[in-house]
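Dear colleague,

Please find below the structure that I am handing over to you.

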Amino acid sequence: MLRYLPFLLVLAVWIYAFIDVLNTPEKEVRHLPKVVWVIIVLLFGEVLLGPIAWFATGKVRKAPAGGGGRGRTQWVAPDDNPEFLKSLRDDTPDEDDNDRKRDKGSDS
């Protein structure tokens, strides 16, 4: 069974690359027309040259959503967010009043 694993992995990469070429919009394809990329992936898929070429150079890759951003446009943890900490300070007196009312009610 293990002797078929390399063949299945090559087939999986080949199919994935082919579907990726088909699903990629024409404006995101680089260097060659989309039809040529389909032919390259199909012809050279058995030896993985076509899919590797497609993954390496054929498609415009987008940067990850949270990676490498400069500035404070990224998500900030609540304990590092000054606005959140200020809102906690603003809410604190109301909570103290509620605690005092509860304490008075339990003393009676």
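I begin with a residue in one of the helices: Val35 is found in helix 2, where helices (H or I, at least four residues) and strands (E, at least two) are DSSP runs, numbered from the N terminus. The structure is a predicted model, in which local features need pLDDT of at least 70, side-chain atom pairs count only at pLDDT 80 or more, and totals for chains, interfaces and linings use all residues. Residues are numbered from 1 along each chain as its sequence is written, and side-chain values use heavy atoms, with hydrogens and water left out.

Overall architecture

The protein has 4 helices and 0 strands, which gives the pattern α-α-α-α along the sequence. Of its 108 residues, 15% are buried; here buried means under 20% relative accessible area, exposed over 50%, and partly exposed in between (1.4 Å probe, protein chains only). The accessible surface is about 8900 Å², and carbon and sulfur atoms account for 62% of that surface. Accessible areas come from the Shrake-Rupley method with a 1.4 Å probe, and for residues only the protein chains shown count as cover. Among contacts (heavy atoms within 4.5 Å) between residues at least 6 apart in sequence, 53% join residues at least 24 apart.

Helix 2 spans residues 34–43. Its buried residues are Lys34, Trp37, Val38 and Val41. These residues lie on the same side of helix 2, because they cover an arc of only 105° around the axis, the arc being that of the directions from the helix axis to the C-beta atoms. An α-helix has 3.6 residues a turn, so residues three or four places apart point the same way. The cover over the buried residues of helix 2 includes helix 1 and helix 3.

On the other side of helix 2, Val35 and Leu43 are exposed; Val35 has a relative accessibility of 59%. Val35 also belongs to a nonpolar surface patch with Ile39, Leu43, Phe44, Val47 and Leu49, and together they have about 620 Å² of accessible area. Helix 2 supplies the largest share of this patch, 3 residues. Patches are made of residues with over 30% relative accessible area and no salt bridge, with like charges joined within 9 Å and nonpolar side chains (Val, Leu, Ile, Met, Phe, Trp, Tyr) within 5 Å. A salt bridge is a side-chain nitrogen of Lys or Arg within 4 Å of a carboxyl oxygen of Asp or Glu.

Aromatic pairs

The structure holds 2 aromatic pairs. Rings of Phe, Tyr and Trp (its six-membered ring) pair if their centres lie within 6.5 Å; planes under 30 degrees apart count as stacked, over 60 as edge-to-face and the rest as tilted. Tyr16 and Phe55 form a tilted pair, at 5.8 Å centre to centre and 40° between the planes. Tyr16 lies in helix 1 (residues 5–23) and Phe55 in helix 3 (residues 49–58), so this pair ties together parts that are 39 residues apart in sequence. Tyr16 is exposed at 54% relative accessible area, whereas Phe55 is partly exposed at 28%.

The rings of Trp37 and Trp54 have centres 5.5 Å apart and planes at 65°, so they form an edge-to-face pair. Trp37 lies in helix 2 and Trp54 in helix 3, so this pair ties together parts 17 residues apart in sequence. Trp37 is buried, with a relative accessible area of 4%, and Trp54 is buried, at 0%.

Yours sincerely
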